Amino acid sequence: MGVAAGPIRVVVAKPGLDGHDRGAKVIARALRDAGMEVIYTGLHQTPEQIVDTAIQEDADAIGLSILSGAHNTLFAAVIELLKEREAEDILVFGGGIIPEADIAPLKEKGVAEIFTPGATTQAIVDWVRANVRQPAGA
């Protein structure tokens, strides 16, 4: 993870019952096109499935996309599971329909960054490059 060689590895996940995945797919493609390895988990993933995938795939980061309003519960569950499984070096970021008032509390729980509607794919790519471990030779 922090010292791994090769491209940055990001799990992009859609937790919970939210069935809208267009934004997650756009972000996954942007990260892939920027040279990162992306594992897209698909719809309706549980926090346990997301964390299992991130650990199994030796991911550097997890990007969560939530439009359902369950962001406080689902982000917290992913963060807590990473702690329980001693995988806190996997950075968690997210985006979706998240009220401004919820962003600071999510960051206090351990979410590294939140991207709201209107964030550009380039801004997300740049943030991941700046905040997740750098690939060898970078």
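Predicted model: local features only at pLDDT ≥ 70, side-chain atom pairs only at ≥ 80, totals over all residues.
The largest pocket has a volume of about 360 Å³. Its lining comprises 23 residues, of which Gly23, Ile27, Ser65, Gly95 and Gly96 are the closest to the pocket centre. Two or more lining residues are contributed by each of helix H1 (22–33), strand E3 (61–66), strand E4 (91–96) and helix H5 (121–131). Classified by residue type, the lining contains twelve nonpolar, ten polar and one charged residues.

Ile124 is located in helix H5. The relative accessible area of Ile124 is 7%, and this residue is therefore classed as buried, the cut-off being under 20%. When neighbours within four places in sequence are set aside, the contacts of Ile124 are with Ile27, Phe93, Phe115 and Ala119. Glu88, at a separation of 36 residues in sequence, lies 21 Å from Ile124, C-alpha to C-alpha.

Helix H4 spans residues 100–109, and its buried residues are Asp102, Ile103 and Leu106. These residues lie on the same side of H4, because the arc that they cover around the axis is only 115 degrees. In an α-helix, residues three or four places apart point the same way, because there are 3.6 residues a turn. The cover over the buried residues of H4 includes helix H3 (71–84) and strand E5 (113–115). On the face turned away from the buried side, H4 carries the exposed residues Ala101 and Glu108. Gly110 follows H4 and has a positive phi, near 125 degrees.

Key
Residues numbered from 1 in each chain as written. Heavy atoms only, no water. 1 Å grid on protein atoms, 1.4 Å probe; cavity = no way out; pocket = protein on both sides within 12 Å on 5 of 7 lines; lining within 4 Å. Points joined across faces, edges and corners; volume = space filled by probe spheres on them. Helix = DSSP H or I, 4+ residues; strand = E, 2+ residues; numbered from the N terminus. Nonpolar A, V, L, I, M, F, W, Y, C, P; charged D, E, K, R; others polar. Buried < 20%, exposed > 50% of the residue type's maximum accessible area, 1.4 Å probe, protein only. Contact = heavy atoms within 4.5 Å. Arc of directions from axis to C-beta.
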